[in-house]
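This report goes through one protein model, from its overall layout down to single residues. Keep the sequence and the structure in view while reading.

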Amino acid sequence: MKKGSLKQILLITDGCSNQGENPVAMAALAKEHGITVNVIGVVENDSIEEKGIKEIEGIAASGGGISQVVFAEALSQTVQMVTRKAMTQTLQGVVNKELRQILGKDMDLEELPPDQRGEVMEVVDELGETTDVEVVVLIDTSASMKSKLPTVKEALLDLSLSLNARMGNNRFAVLIFPGKRKEVERLLDWTPNLDLLTSIFPKLAVGGITPTGPAIREAMTYFKKKRSLRGLLSGDDEQYMEESM
């Protein structure tokens, strides 16, 4: 398999978008660029509208990712589960694509004989531990999320610890929406760990709008910005362009 990195957007929200582009369409665009979009809906007191659930599921489906609605107290475990499950799902998709190329016919992993399927899954599991991972975390900071933000912070710190136990390299960036001065703002630039969130989160202001579509669009460009910067530093555009998985 070609060397590359798994690119994920992890959206954490508790409600419906109400400003900007359609988030389902933006998630589909992200998928076209090799970026998986996963969505976690945070529930408190069993209150989340059906419209919100449909949007959460629609964004993940269009983005080739996984969606999960969860009570705030179970958020940490869910963030780790969704991220890792999405990694495996993406890798299985790559394996299926290569199987079809090798065998010259429409064959998926599930259609292999049990012994061969087991061997392939061992490779998928190994890749899950060794492949580089890049995650842009999108955090909804609309007014209704205020009481949930401390839990979000702890969940992301746990995610950082969990993924850094792997052999592969990890890079995280954190964006919030809405920001103080614009729809989407950077909270944390690319980093291998999220410890800085401890000092940043208490200072977050919350707003009323939920520009989820613009947030996904901005997250997509953030992957491109990172690669462009690396290209400038290396002076070699060919060197840093990653294979799309």
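## Order of helices and strands

The model is a predicted one.

## Burial, contacts and surface

The protein has 245 residues, and 49% of them count as buried. Its exposed surface comes to about 12,100 Å², of which carbon and sulfur atoms supply 50%.

How much of the contact in the protein comes from residues 24 or more positions apart? Among contacts with a separation of 6 or more, such pairs account for 77%.

## Helices α1 and α2

Helix α1 covers residues 23–32 and helix α2 covers residues 50–62; the two pack with their axes 7 Å apart, at an angle of about 20°. Because angles under 35 degrees count as roughly parallel, α1 is described as roughly parallel to α2. The crossing of α1 past α2 is right-handed.

On the α1 side, the contact is made by Pro23, Val24, Ala27, Ala28 and Lys31. On the α2 side, Glu55, Gly58, Ile59 and Ser62 take part. Sorted by class, the contact of α1 with α2 has 5 nonpolar, 2 polar and 2 charged residues.

## Leu75, in a helix

Leu75 belongs to helix α3, which runs over residues 75–103. Is Leu75 buried or exposed? Its relative accessibility is 0%, and the limit for buried is under 20%, so Leu75 counts as buried.

Which residues does Leu75 touch, not counting those up to four places away in sequence? They are Ile40, Val42, Val70, Thr151, Val152 and Ala155. One of these, Ala155, is 80 residues from Leu75 along the chain, while the C-alpha atoms of the two are separated by 6.1 Å.

## Asp189, in a strand

Strand β6 spans residues 185–191 and includes Asp189. The relative accessible area of Asp189 is 38%. Buried means under 20% and exposed means over 50%, so Asp189 is partly exposed.

With neighbours within four places in sequence left aside, Asp189 is in contact with Phe172, Ala173 and Tyr222. The C-alpha atom of Asp189 is also 9.4 Å from that of Arg171, a residue 18 residues away along the chain.

## Two loop residues

Ser147 is located in the loop between β4 (132–140) and α5 (149–164). At 45% relative accessibility, Ser147 counts as partly exposed. Ser147 and Glu44 are 103 residues apart in sequence, and their C-alpha atoms are 9.1 Å apart in space.

Pro178 sits in another loop, the one between β5 (170–177) and β6. What form does the peptide bond from Phe177 to Pro178 take? The bond is cis, with omega near 0°.

Definitions and conventions: Residues are numbered from 1 along each chain as its sequence is written. This is a predicted model: local features need pLDDT of at least 70, side-chain atom pairs count only at pLDDT 80 or more; totals for chains, interfaces and linings use all residues. Side-chain values use heavy atoms; hydrogens and water are left out. Axes are lines fitted to C-alpha atoms, for helices over the stretch in contact, and angles run from 0 to 180 degrees between N-to-C directions. Helices (H or I, at least four residues) and strands (E, at least two) are DSSP runs, numbered from the N terminus. Angles under 35 degrees count as roughly parallel, over 145 as roughly antiparallel, 65 to 115 as roughly perpendicular and the rest as oblique. A crossing is left-handed if the near helix is turned anticlockwise from the far one by less than a right angle, and right-handed if clockwise. Contact means heavy atoms within 4.5 Å. Ala, Val, Leu, Ile, Met, Phe, Trp, Tyr, Cys and Pro count as nonpolar, Asp, Glu, Lys and Arg as charged, and the others, Gly among them, as polar. Buried means under 20% relative accessible area, exposed over 50%, partly exposed in between (1.4 Å probe, protein chains only). Accessible areas come from the Shrake-Rupley method with a 1.4 Å probe; for residues, only the protein chains shown count as cover.
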